[in-house]
Structures are given as C-alpha cells and as structure tokens.
2 protein chains.
Amino acid sequence: MSKSDRKLHLNLFMNSMGHHEAAWRHPQSDVNLAADFGHFQRLAQKAEQAKLDSLFFADRLATTLTAAKYGAAGGLEPLTLLAALTVVTKRIGLIATVSTSFNEPFNIARRFASLDHLSGGRAGWNIITSGTDGEARNFNYEHIPEHGNRYERANEFVDVAIKLWDSWEEDALIRDKQTGIYADNSKVHELNHKGTFFSVKGPLNVTRSPQGRPILVQAGSSENGKEFAAQYAEAIFTAQQTFEDARTFYADLKSKLIRYGRSPEHVKILPGICPIIGQTEAEAKDKEAELNELTNPEYSLLQLSNRIGYDLSSYPLDGPLPELPDVEQINGHQSRTQLIRDLAQREQLTIRQLLLRLAGGRGHYTIAGTPMQIADQLEEWFVGGAADGFNIMPQLMNGGLDDFLDYVVPELQRRGLFRTEYNGRTLRDHYGLPYPLNSFRQESKQHEVNRIV
Amino acid sequence: MSKSDRKLHLNLFMNSMGHHEAAWRHPQSDVNLAADFGHFQRLAQKAEQAKLDSLFFADRLATTLTAAKYGAAGGLEPLTLLAALTVVTKRIGLIATVSTSFNEPFNIARRFASLDHLSGGRAGWNIITSGTDGEARNFNYEHIPEHGNRYERANEFVDVAIKLWDSWEEDALIRDKQTGIYADNSKVHELNHKGTFFSVKGPLNVTRSPQGRPILVQAGSSENGKEFAAQYAEAIFTAQQTFEDARTFYADLKSKLIRYGRSPEHVKILPGICPIIGQTEAEAKDKEAELNELTNPEYSLLQLSNRIGYDLSSYPLDGPLPELPDVEQINGHQSRTQLIRDLAQREQLTIRQLLLRLAGGRGHYTIAGTPMQIADQLEEWFVGGAADGFNIMPQLMNGGLDDFLDYVVPELQRRGLFRTEYNGRTLRDHYGLPYPLNSFRQESKQHEVNRIV
C-alpha cells in the first residue's frame, strides 16, 4: 500500500457512562442505564454508523466498597455483553478483555471461538494479566502473583489457546449424510499439551471460526508487556502522554517484531486519546473544567493509590508526589506507574493537580479543543510515526461520544485519513491483518521454517 | 393454588440438530446451521410463541476425534449463545449448563448475573459437576476427581456464588449526582469466604440482577446428586424410563426437601421426554425407525462405553450386556449407568437393541405416537405424581420440535394443563418460584431463624 493510502484505525473504548471519573454525575449522563442493554446497543450502532474499526471493553475482576460508594461500579461482564451486541451490529469489531491469570485456556478459547462464530468473524481478545491484590483475593490468592510469573503464564495460556483454535483445520468438516462422516478426523487435532501451568489434551469443542482466531490485542507497556506484545499482539492499546514518548514506544515496539519474524504492518499501535470537544477551544476547556469540578479528591486519591500500588492518603494534596519505589519493585501496573511519575515530575504537579490530570483518562492523553484541533493532533501522531490509529476514550458516552463521531470522524474522512465505508466483513479486514496460518497444517509448518530461516 | 389450577411446566432441551444420535443425517436437518445464530433464533422464537417456560443447553467440556468423525461435534458455548438469544426473545427463560469442577465461582456468578440483567430476569443455571476423564484432561487433571469430592466442591461453589449474588442488596444503589454517592456501601458486602476449595473476598462487581439470582437447576440423580438438589435446586432435570420409577424419584426428592426446610412447591421436577409425533401411531413408529436406521453401531457403542465408563467394544452386539461393576464404584455418571443397566435387564435387551433404545435420548423416555397419545402420557405423569412438567427433547430440531409445539402443546392447553399466555416476566414467575431472600439482610437472617425453628 502506498504511503498516501495508509488509513488510521479507530477503536471505541466503551464503558457505561464515559471515561471521566465523574462521568456518571454529569447532567447528560443517565446513570440508570449502567446495566441497560438498549443503552449499549445505541452506542455500538452509532460507532458502527461512523465506520469505526471496533469497540472494546476493559475488565477488572474485583470492585471495592469505596468504588461502590463513589464510582459507577457493577457493570456487565464484557464477553456476555459483546455476545448480545453481535445481534444488533453487522460490521464493527467486538473486543473483550479477559485475564490469563484467573481463567483456564480451554474455557476462554471456546468463548472467543463462539463469539467469532456469532459475529461472523468480528471477535478480538484484549489479553491482560491483571495487576491487583483485590482481584487475586477473589481467586484463592492473598496477593497477585509476581509480574514475571504472570507473563510466563500468559505466554503459555496464549500458546495453548492458539493450538485449540487451530485444532479444527479449515476443511475438517465433511458432513456427508450418506456416509455418516461428519468430520475428517485426520484434520482434527489433539494438542496433548503439558506445560508449566497447563495440561490440555484438546481438541477444542468448537469448530474453526470465521477469523481462524480472534485478533489478539495487548495493553501492557512494561518491558514484559512489550515483549509479550511483540510476540503475539496484532493490535496494542497504550497510554502515552507526549508525541515524543509515543514515537519512542512505537519505534521500539515495531523494532522488536523483527526478532519474532513478524512484519511491522501486522501490529497496529493505538494510543489512548480522551477528546473533549467544543465549537471553540474555550468551550472545550469549560467542558473539561465542568467535569473536573465533579470529582471527589478523596476517591481520586484512593484510585491513584490503588493504580500505583502505593498508599498516598497521608500526603498533603497540595504538596508534591513523594518519592516512589523503583518501578521494577512494583508488582502491579508497572508502565502506568512510570507514566504517572514522569507526568508529575515533568509538569511539576501537586498531588491535587495530578489527580485532575488523571481524572479524564487515568493517564491517557487528554485533548480539549475544536474538532479541527483534535484532528490536527491525531494526524500529527499518525503521520509522524507515533500511531497507527487511536483508542478513543470519550469523557461522556452520552454527548461526548456523539461529538467525536459527528465532528472529528467526518473531518478525518475529509482529510482522507479514515475510511468512509467498510471494505471487508471481519475485524481482520478492518485492521488489515492477515488470516492466521494453522499451526497443525503441513504447509504452515513449511512456512514457519522459511520464516525462521 | 387449588389442585385444578396446577399447570405443568415445559422446558425445551435445545441443541443444534436434535437429540437423536443420527439427527444430523436426517433429510430434514440442515447441518450447515450447526453454529448459525439465525437457526437458534428461529427455534427459540418458536418455543416462545408456544409459551414454553424456558429453553436450555447442556454442556460438555471436551470432544473426541471419534465424536468429530461421526457426530455433530463442535457447537457454541452455551452462555455465549444465550446472551445473544436475550436480544431476540422477550419472555422465555434461558438456562445454561456450567460445570463447578472446571470454573471459578467469581467468574460464573458474574456471567449469570450479567445474563440475568441482559434478559430482564430470565436466567437459569443448570449446575453440573462433569463426569469424564476427557473433560478433566482439558483442565490439568489426568482423571476426573472422585464423585463425592466433586459434589463437595459443587456445594461450596454454589454457596459462594449465592453470597456473591447477594453481595449487593436490592436497595444499595443510590446514584445521587448531587452528593456524588453512587451506592450505600453499608448495603454492599464483602464475603471474606475461606473454605476448602475457594477463598473469595467479594463483593461481586455486578449489581444485583432482576431475579436476585438465576434459578438453580440440577440434573444428577445419584445419591450425592439428589442430596445436592434437595439443598439447592429449584428445578430438576431427570431421566426416568417408567412411570413407577419417575413417581418413586419424585416422592423421594420431595421428601428430602423437608430436611432443608424447603417447600415441595419450590422445586419443579422435570423428567426428560423424547417425543416422536405422527398423525397415526404407525407414522410415528415409522419416523422412529427411519432415524434408527441412520445410526452407526460402532459410534453408538463408543458413546455408550463412554457414558457408563466401561469399554464394551469386545462384547458381541447381539449378546447381552455384561456384568458391570457396582454403581458406587463408578466415578462418572452414576445414576445414568444404573438406569441403562436396569433397562437392559428389565427388557432383556441385546447390546444392539439397547443401543437403539438409547439413540433417541441417551436414556431419557422416548414416546412415539399421536399428539393425543403423547398428551395422555404427559397428563398421566403430571397428575399421577411423577412430574411437575417435562424437559422436552425433540428428536429433530427441524420438524420434530415444530410437531411438538404445533400439535402437543395446543392439546395440553385445551386440557387446561398448560398456559396460553405468560403471566409474568421473569423465569421465576413462569415456574412459580419465590424471589430469593438476601442472606446479608437482617430480616432474611430473622426469617432463616424462624424457618429452622
């Protein structure tokens, strides 16, 4: 594809009320719809009308009494909700977050294969390892397993899942009523996997799905996370505060791919963007201030402490962020902690100021401006080698999402940077990702050898 | 409710092509639809038009190369499919089978709460412990855990799930935008459960769902299974070959309820019925023979061996069933093995004859006859104290299901035995089951004390 044909990709990071910490308190939010299917249907259909590549739900396997008190806690389980959304959408990709630390690969491979069948090839899996003790305590642990150990398990988990998805070859199904032969079982495979974390015999009990397997997405930007992404991910969600940081991350990740014999084009890097849109820049800034005024510093501080794994409750809000332990010592979300520390230092923020900077996107890049200004920034990042597209995090789902789809997307289309129509039917088509080779097929094995040589 | 107002309940046991082992080979079956959502949508909507209480999917966490060769292997994961079916149905209940042996309670409680939200209170959980080594080998075991051990785990699993569903009280949500208080967190509860199999802190990260919790269904009829059912189940699926056996099972189970302080009306017993319907009895028998001719004895024998956990491949097809080990020695599906052995002995069947008797419903009761004859039998069982309703297992989904819904259901309605309209909106409403008390509420604790005293 020529340079000028290159299009950016847009993923909608969906949740019930919006990404701003105080979204549910905003007058435009209808908080009674937090678990209402019709609400999610409307958002998904609106994103599909705008021709977005995909929509996505994050996931966390715990909540707390404090989160319940102050926040929009208690949503629906993502894969269950996405299965329902397959029925009311036709083209947009559907990406669910699932943790490798508190699940079994057979169950998860099966659910994603089922979602891929139901959606006609629109499933994606955002692979996470989970990073908090609160989650571990819902799954028989006192503390979250160590960072490196979690990624070791994630590697084996994904290896097993891929073999399960490959266990039915494309042409295994015969379904000959006369002979009574349903499948050519020389094309159905046991794995007989015996590893460190898992023993799985196989085959999967779901036939091969339209995309072969869901697209694999990854969101951790720690050293372990980047290595994992270079090996498996086909799309990457990442939090980057500056163009320079984003460009460095982009170049670093793409260069790592070579080591695994992968083409840079087969991994799409999508930094998170929190747009706040006004007809004028002043209107956008007012909207941002209006949301920030609805935050509760007590709750924000608890969230930040939880995010960086360090209790900040005894530090004055108007003082600086204290010295934090080395990132390598942190067992939770390493890369986000680093980003937050860098941000506070670079901009000399008090804790109170830092909380407001994080309220909109928890460390993702916030842009308040006109549709033109926002399109300018997205274009700069996309053309300048910092992004293949963006993970859009509206501050409000009612209103904020509409502003982005109604004003920024058409501007990107006018500039020739974004599609005006879907060209394919599957999520792989939208992202320009290849259909995966089946590791059980002879010609794939041959290809594998060629690739390595 | 007066005796004459008592209505029977009908659950559709759904699968892709029908319950007869050779269903997929029948000319009426469209085997390309085995993983097609539109096909399941049509079946579910048809069942809902007929005002059935619920539909249900069984589940098994493994398949084999032989099953792939001969059978309709490789379906969709039940909870995922049911989530999609919530969107295209409005009233019918949706029951998914999930194993307690190869899942974590936090994940499963969450998925059922989400399904209950999405469906507006129509979720049910058929609780199984799984019974085969093939399944164990997809989950890090060499052999299936011992029968008693599996039920011990199931007990604790369900206890934890119930506490998770109760962890948000009915009136916990406040959502006051002015004060910023989302929930009254004195009404959101940690479990801090530490047991033999699970440590789960809680609370659940899904708010309380319309039914409070899914209705709990159970299908094992072993001694362990019956004890478990008496304690937890609100509906019971069971395989019974004769009216006398069904009546004995019914009386036994209802009497056990008293020990747990439960009302006999709060557990609905639903024997499985495989109807084969003709305009005349002869036509029905012809239909049965036509299906039986499509079976493959080699495959049937493998299935039977797997079902009873005993390899029959070296025994002559035209000889009798050999002596089998004591049922208590069997670690798999105890009650079904007992039923099959009794059937062969009572009717003096050769192995070949036994295979044909099992082809239609794997041990469930098959009736080939006119709509009037089938309605007569259902009425006899219902009125005679052998059933509260039935688990309907059509031999063919295309055709056979339609015959039952178009001819037998209207006959049951004419007799005043079955509803002609839904009276309520939730699955609990359809089955006449009470809304569950929340174990964390003070008045519930008081009620609990009264009940025990």
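The model is predicted. Chain A can be laid on chain B by a turn of 180° with a shift of 0.0 Å along the axis, and the RMSD of that superposition is 0.0 Å. That is the relation of a two-fold axis, and in chain A the C-alpha nearest the axis belongs to A:Ala84, at 2.0 Å from it.

**The two chains and their annotation**

- Of the interface residues of chain A, 100% are also interface residues in chain B, so the copies meet through the same surface.
- The UniProt record, an unreviewed entry, lists residues 26-384 of chain A as "domain: Luciferase-like".

**Helices α4 and α6 of chain A**

- Helix α4 (residues 105-118) of chain A packs against helix α6 (residues 147-166) of chain A at an angle of about 50°, and their axes are 9 Å apart.
- Angles from 35 to 65 degrees fall between the roughly parallel and the roughly perpendicular ranges, and α4(A) and α6(A) are therefore oblique to each other.
- The crossing in which α4(A) passes α6(A) is right-handed.
- On the side of α4(A), the residues that meet the other helix are A:Pro105, A:Phe106, A:Ile108, A:Ala109, A:Phe112 and A:Ala113, and on the side of α6(A) they are A:Phe157, A:Val160, A:Ala161, A:Leu164 and A:Trp165.
- Sorted by class, this contact of α4(A) with α6(A) has 11 nonpolar residues, with no polar and no charged residues.

**Helices α10 and α11 of chain A**

- Helix α10 (residues 297-308) of chain A and helix α11 (residues 334-346) of chain A cross at roughly 125°, and their axes come within 8 Å.
- That angle makes α10(A) oblique to α11(A).
- A:Leu304, A:Arg307 and A:Ile308 of α10(A) make the contact with A:Arg336, A:Thr337 and A:Ile340 of α11(A).
- The contact of α10(A) with α11(A) has three nonpolar residues, one polar residue and two charged residues.

**Helices α7 and α8 of chain B**

- In chain B, helix α7 (residues 223-232) packs against helix α8 (residues 243-259) at an angle of about 50°, with the two axes 8 Å apart.
- That angle makes α7(B) oblique to α8(B), and α7(B) passes α8(B) in a right-handed crossing.
- The residues of α7(B) in this contact are B:Glu223, B:Lys226, B:Glu227, B:Ala229 and B:Ala230, and those of α8(B) are B:Phe249, B:Asp252, B:Leu253, B:Lys256, B:Leu257 and B:Arg259.
- By class, the contact of α7(B) with α8(B) has five nonpolar and six charged residues, but no polar ones.

**Backbone features in loops**

- In chain A, the peptide bond from A:Gly202 to A:Pro203 is cis, with omega near -5°, and A:Pro203 lies in the loop between β8 (199-200) and β9 (215-218) of chain A.
- In chain B, B:Gly202 and B:Pro203 are joined by a cis peptide bond with omega of about -5°, and B:Pro203 is found in the loop between β8 (199-200) and β9 (215-218) of chain B.
- B:Lys51, a residue other than glycine, has a positive phi value near 70°, and B:Lys51 is placed in the loop between α1 (37-49) and β2 (54-57) of chain B.

Terms used. Residues are numbered from 1 along each chain as its sequence is written. Chains are lettered from A and ligands numbered from 1 in the order in which they are written. This is a predicted model: local features need pLDDT of at least 70, side-chain atom pairs count only at pLDDT 80 or more; totals for chains, interfaces and linings use all residues. Side-chain values use heavy atoms; hydrogens and water are left out. Axes are lines fitted to C-alpha atoms, for helices over the stretch in contact, and angles run from 0 to 180 degrees between N-to-C directions. Helices (H or I, at least four residues) and strands (E, at least two) are DSSP runs, numbered from the N terminus. Angles under 35 degrees count as roughly parallel, over 145 as roughly antiparallel, 65 to 115 as roughly perpendicular and the rest as oblique. A crossing is left-handed if the near helix is turned anticlockwise from the far one by less than a right angle, and right-handed if clockwise. Contact means heavy atoms within 4.5 Å. Ala, Val, Leu, Ile, Met, Phe, Trp, Tyr, Cys and Pro count as nonpolar, Asp, Glu, Lys and Arg as charged, and the others, Gly among them, as polar. UniProt positions are given in the numbering used here, feature names are shortened, and annotations may be inferred rather than shown by experiment. Copies are superposed by least squares on the C-alpha atoms of residues with pLDDT of at least 70 in both.
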